[in-house]
Structures are given as structure tokens and as C-alpha cells.
Amino acid sequence: WFHKLPEGVANTRSNMAPVIRYLSETDVPAFPLAKEKLVDLAKQILETQFATSKPELLADDFEFRFPVVELNKERFVEAYGSFQVERAFPDQISEYYGWRLDPHIPGRLWFDVQSQGTHTGKFGGPFSMIWPSNKRVVTPPQTLSFTFNKDGLLTCFTGGYVLDRRMGNTGGLGGVFGLMHGIGWTLPFPEGQPFRLSWRYRIFLWLESVMRFVSSLLATRPTMGSKGE
């Protein structure tokens, strides 16, 4: 996926200095559809509940790939279509920004989103038993990507990747997991719960602090031959 090394830069042990590149949209791979067209197609997807109300916008080999959940076209249309986020959050405002082309994968468009809304309606599908909580949910900014084929159909949708888990009130969670936590229905498995340090990492941090303390004591200890000995 990466660009070839510039002329005169050899990938050898004798030339191992780091190579830093600042890519622009002139460096993206060739693709029949221009960025403006891809953005227009993306907006059609967003304005049709991620194409669940217009599945003909999805390619037959469409894949939904979030950090935990992965679905094919049929399962995605069924699952997201029945969830009915728009009904559960009728005043929801989603702001999409930062449209940019992937510098390595043809036809892939990246963008960011941050949403907020009040849970005054009911979900559908497996969460239809949840009554409105009237809680205001503000999500952290998340990054998403749409990959289109040459015919302008969506082949892959990735998302749920939180950019700053300190923002919002979903415990740093993205996607459906964040919404559930925000309304007080945190899901009962680790992937659906706010991030917390593992006991292993906490032990590692404790050991690291002990080692730094011991090192500081050794550094200040008088050496042989110093004054006072």
C-alpha cells in the first residue's frame, strides 16, 4: 500500500535514516471517480441511514467492519435497519467533516463525525424493550471510511474508531456501544464497556515506578572515595 521510495533512496542497511513524507491529495492512487463524486456518494449513504433504506447503494460484496462487529450486506441492512437510532434520538445532530482520500487504497474516503441527541424515543430490534431515558448523549469524535468500487457502490464501511475518548459522555465508546452506555444501558461484556487499565498493566506501572525510585536512590548514593568517607 505504501508509496515507492523516492529516487536515490535505497532500502539497504547502509541507508537506514527515517524517511518522512507529507502526502497531499495529489499523491492518491488513480481512481475513475473524483473526490467530489465520492463525497456526493458518501452523503447519499449517510442520508439513507447508511443505505439501509436504499440497499441498492451497497455492492453485493459489501462489508461492514467496526472494531468488534463485522457484517455482510444482508446482515448489516437487517441489523442496522431494525435498530432505528433515528427514532430513539429524534433530535440527533450528526456533524460530518474532514473529508479526505486514502493515499494508499483507491476509492477509499475517510471522514470524521461527532453526534449528540436526546434519548426520547424507542429503539427497534433487540433493544426495543428499552424505554426512553431522556438522557442527552454526546459522542466523542470518531473516524469512518467508505470504500467505493468503480461503479460507485459501497464495498466497505469502517468506523467506531474514537479519536479522543475524553470527549463526550459515552465513556470513550463509539458506535452502538457508546449510545448504550450514554443512556445507562452499558452492555455486559468488556468490549461494550468504558476503557480501564488491566491489572497486569497496573502492576507493570507499579514496578516501573519502583525501578525509577531505586534508580534515583542509587544515583544519589555516595561513591567510594567521595568526601565524608
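## The start and end of helix H2

At the start of H2, a side-chain oxygen of Asn72 comes to within 3.4 Å of the backbone nitrogen of Glu74; a polar contact here is a pair of N or O atoms within 3.5 Å, where one must be able to donate a hydrogen and the other to accept it, and residues adjacent in sequence count only if both atoms are side-chain atoms. After H2 comes Gln84, which has a positive phi, near 55°. Helices (H or I, at least four residues) and strands (E, at least two) are DSSP runs numbered from the N terminus.

This is a predicted model, in which local features need pLDDT of at least 70 and side-chain atom pairs count only at pLDDT 80 or more, while totals for chains, interfaces and linings use all residues. Residues are numbered from 1 along each chain as its sequence is written, and side-chain values use heavy atoms, leaving out hydrogens and water.

## The buried side of H2

The buried residues of H2 are Lys73, Phe76, Tyr80 and Phe83, where buried means under 20% relative accessible area, exposed over 50% and partly exposed in between (1.4 Å probe, protein chains only). They lie on the same side of H2, because they cover an arc of only 110° around the axis, the arc being that of the directions from the helix axis to the C-beta atoms. An α-helix has 3.6 residues a turn, so residues three or four places apart point the same way.

These buried residues pack against E1, strand E2 (70-72), H3, E7 and H4. In strand E1 lies Ala59, which counts as buried because its relative accessibility is 4%. Beyond its neighbours within four places in sequence, Ala59 is in contact (heavy atoms within 4.5 Å) with Lys73, Asn149, Leu153, Leu154 and Thr155. The C-alpha atoms of Ala59 and Lys73 are 7.9 Å apart.

## The nonpolar core

A nonpolar core is a set of buried Ala, Val, Leu, Ile, Met, Phe, Trp, Tyr and Cys residues joined through side-chain atoms within 4.5 Å. The largest one has 40 residues, among which Phe76, Phe146 and Phe157 touch the most other members. Elements that each supply at least two residues include helix H1 (35-46), strand E4 (108-118) and strand E6 (142-148); H1 gives the most, with six.

Not counting residues up to four places away in sequence, Phe76 touches Phe157 and Leu58, among others.

## The chain as a whole

The chain has five helices and seven strands, and 33% of its 229 residues count as buried.
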